[in-house]
Amino acid sequence: MAGKHRLYLVDGSGYIFRAYHALPPLTRKSDGMPVGAVSGFCNMLASLRDKAEHDEAVSHMAVIFDAARENFRNEIYPQYKANRTETPEDLIPQFKPIRAACAAFGLAAIEKDGFEADDLIASYAKLAEAQGIETCIVSSDKDLMQLVREGVGMMDPMKDKSIGRAEVEEKFGVPPEKVVDVQALAGDSTDNVPGVPGIGIKTAAELIRTFGDLETLLARAHEIKQPKRRESLINFAEQARISYQLVRLKDDVPLELGLDDLKLGPVEWPKLAAFLDEMEFRTLKGRIESRLKLRGNASVAAGAMAAQPAPVTPIAFEGEGGPETPPLSPPPEGYGMVQDLDSLRACVARAYATGIVAIDTETTDLSPTRAKLVGICLATTPAEACYVPLGHVKPGGGLDLAGDGALKQIPLDEALAVLKPMLADPAVLKVGQNIKYDMAVLAQYGIEIVGYDDTMLMSYVLDAGKHGHGMDELSERHLGHTPISYDQVTGTGRNRITFDQVPLEKARDYAAEDADITLRLYYRLKPRLLTEKQVTLYETIERPLPAVVAAMECAGIKVDPAELNRLSADFAQRMEGFEKKAHELAGEPFNIGSPKQLGEILFDRMGLPGGKKGKTGAYATGADILEELAAQGHDLPRVVLDWRQLQKLKSTYTDALLQQINPKTGRVHTCYSISSTNTGRFASNDPNLQNIPIRTEEGRKIRRAFIAEPGHRLISADYSQIELRILAHIADIAALKQAFHEGLDIHALTASQVFDTPIEGMDPSVRRAAKAINFGIIYGMSAFGLAAQLGIPQGEAKAYIDAYFRRYPGIRDYMDRTKKQVRERGYVSTLFGRRVHFPNINTKNPAERAFFERAAINAPIQGSAADIIKKAMGRLPAALQAEGLKARMLLQVHDELVFEAPDAEVEATIAVAKRVMQNAASLAVPLTVEANSGLNWDDAH
């Protein structure tokens, strides 16, 4: 819809009720008058006016309301909308100020007795069409979708999403011109439109596609093969015709205002300011005033009202969409540079005035515990961001704090003293993109961030599996803007400089833009949490985590350098032995670490089976291939696998950990990625402490190098078989649920029930097979995979799995149900509502589709387990503090939490950890936590 003139028709009545039901109650402080719906409505009008200011094609705008409940449709069908509930008492007094809001924003508010708002919208769209003016209907109401056509489109204001012909067809299964026929058949319980009993939207669409229109269908109803459907269409034909009259919108309503009366003029700021003052919408007033100043609005520039710090308001987010923001680019005068204390105090005052500030720290290192603070960027209003340089150095080194050079900066301690109270004040909402990093950095300087939101986590909650959640990608996807890259300001490769050496102007443009983008993303993503029903997941599970995880990263964990050195030497000696053995088995020396040389030895010179060359011409020698050869009785592949295991442990852990000990703390500080996995699990890196093997003696040796401080012990608290428990709950397996309630050996029980074997005297290999199936089934293990794991023929493995499903048919039902749901919806959900998306689930590639289906089966189980431990993590710091305990949570390794506690508090800490973790969720089976303590991690586990 790109034309010279465009009319915006706003579905005012629909938006009033959406604003009222979507937002929490809000009253005017001076007299207690309810104004929540007015607030949401005003935010919407502000967004639309701002959009119009930036789109020259928008030339006309009006807000359309319902005049009264009864209209001409009640004469056709007296029961029309008869089942609608009464208007809420606290909404009625808001109707008048909502109409006054339209006038304050310079918009016509139109209604007409005897007709609904939808009829007026249809009539104005027709009038505009006759005069060559395009129409955009601002609504998501399905009843208005029948109006979509060339020159008439819709925009969902909640999602800022256009609705055109394709979107209508996706919803109704027919093009817009056939929507009325489908609605007449399906009816509408909300408006008490009767329709034809037994026919829903999908069936109605199928019938209309087959017969063309309602009248043709009714005339040929006798041809319908399904008896019930045929009888309903014949018996309720007249009811369908009445429904057609009810749902079809009138486009010939006599209109009192012509299109000339709907032309847009500039906002009269004194008039709008007076209305906002009357309603006591201080935050919204500040936002609008800032944008009008930015655009040079004459009434504001003339000094109508100077910006003053307003009283702090606890409502940092008014309405559903926040301010509609101008296109993302620096203001004409550029982003701000704050280089003196008075300017910094003004920024802080502005944060208090708006009640919201986006923040971002600039540092010298990606690891927050190694990083030095270089600067802080702040944004309180879109396009009004600033950079506070604090630690930039001259090319030759050294700070310039005197104020007379190119590196004029506020002394770090003085700047932080000004910022600290605001950052710790929950009355000002701090918005960050991966705010966990900023929290950890500032914690090194004794500063706590209290009252925050995280745009990265919002995106993660909304779009896990569909997209990445980094700021650059979010900016391009949601704002259509490619940010300045880090490489552009620091260089690359050998020429890269640290951020403290970046010239101030370049640093300002890069850093302030980040804060600007973050604030804009907040206003895009926050409303979606509400409309997509993800508020609870975000607020109760994800949002508490940055503070908790930042504290864990700052705490770190102590390692024993002497033990690491001893292990490195031991691994090196044993690797040398394996290498010598490999040369003997090969009959000649070769580089055991070279896949190319190994492949030539195995498949060319030794003639072992299964050799496959890749695109490079070298043989594949991955672990799966070597394992298969070793299982066939060949010794060299097994020796190479043993060598590789030690080589990985040495390079990844014993050697690397020595280099990663922080010289200031004497501890290792991992960094947790809390938005990188689709299912909600954490990922650990730099170093990765989640992949240390615990089922091998060598892996356990690594864990012994992680130790407690003197006078303390490490505590490991681990959920017992949590994913199997979740499976028993989700799939409703009575036998498994009973076993968990009785505390039985679940694997022995499964073996007994599946293989008809008594538990007493059971062959360990039988229990091992049951355990492999129990855990493997969660990950969609095939007969091939089970056969490889147990070292049995594939046919025998298939028989095991078949017997398992016969004994527990509910699991197969769950798997089939999940595959059907993910194919239909494109996502699956955890017990707590987390959506894991699989956008490529319906790929035509069978192997890829099978992979996605297995992942979809596992996602609700693994994701629910991740949600449960994250809920526990969010509650544990306060629970420990309430008991007066000094214990600190140090690590999270999937289903395990590691604490460090004083010797005297070990038992009390274990009791709190078990209580909180076991009560993190209520399932049909008990959650059990096993907890132990020790001087090192292995002993504790």
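Buried means under 20% relative accessible area, exposed means over 50%, and partly exposed is what falls in between (1.4 Å probe, protein chains only). By that rule Phe499, at 0% relative accessibility, is buried.

A word on the source: this is a predicted model, where local features need pLDDT of at least 70 and side-chain atom pairs count only at pLDDT 80 or more, while totals for chains, interfaces and linings use all residues. Residues are numbered from 1 along each chain as its sequence is written, and side-chain values use heavy atoms, with hydrogens and water left out.

Now the rings. Searching the whole structure turns up 13 aromatic pairs. Rings of Phe, Tyr and Trp (its six-membered ring) pair if their centres lie within 6.5 Å; planes under 30 degrees apart are stacked, over 60 edge-to-face, and the rest tilted. Here are two of them:

| Pair | Type | Centre to centre | Angle between planes |
|---|---|---|---|
| Tyr486 and Phe499 | stacked | 6.3 Å | 15° |
| Tyr804 and Tyr808 | edge-to-face | 5.2 Å | 80° |

Tyr486 belongs to helix H20 (residues 486-490) and Phe499 to the loop between H20 and helix H21 (504-531), so this pair ties together parts 13 residues apart in sequence. Helices here are DSSP runs (H or I, at least four residues), as are strands (E, at least two), numbered from the N terminus. Tyr486 is partly exposed at 31%. In the other pair, Tyr804 is buried at 1% relative accessibility, and Tyr808 is buried with a relative accessible area of 1%.

Elsewhere, ring pairs join Tyr15, Phe41 and Phe65 into a cluster. Phe65 also has the charged end of Arg99 over its ring, 4.3 Å from the centre. For Phe805, Arg812 lies over the face at 4.0 Å from the ring centre. A charge sits over a ring if NZ of Lys or CZ of Arg is within 6 Å of the ring centre and within 35 degrees of the ring normal.

On to helix packing. H30 (residues 734-742) and H31 (residues 746-755) pack at about 145°, with axes 10 Å apart. The axes are lines fitted to C-alpha atoms over the stretch in contact, and angles run from 0 to 180 degrees between N-to-C directions. Ala735, Leu736, Ala739 and Phe740 of H30 meet Ile746, Leu749, Thr750 and Gln753 of H31, contact meaning heavy atoms within 4.5 Å.

Last, Ile359 sits in strand S8 (residues 356-363) and is buried at 4%. Beyond its neighbours within four places in sequence, Ile359 touches residues including Cys377, Leu423, Val431 and Ile449.
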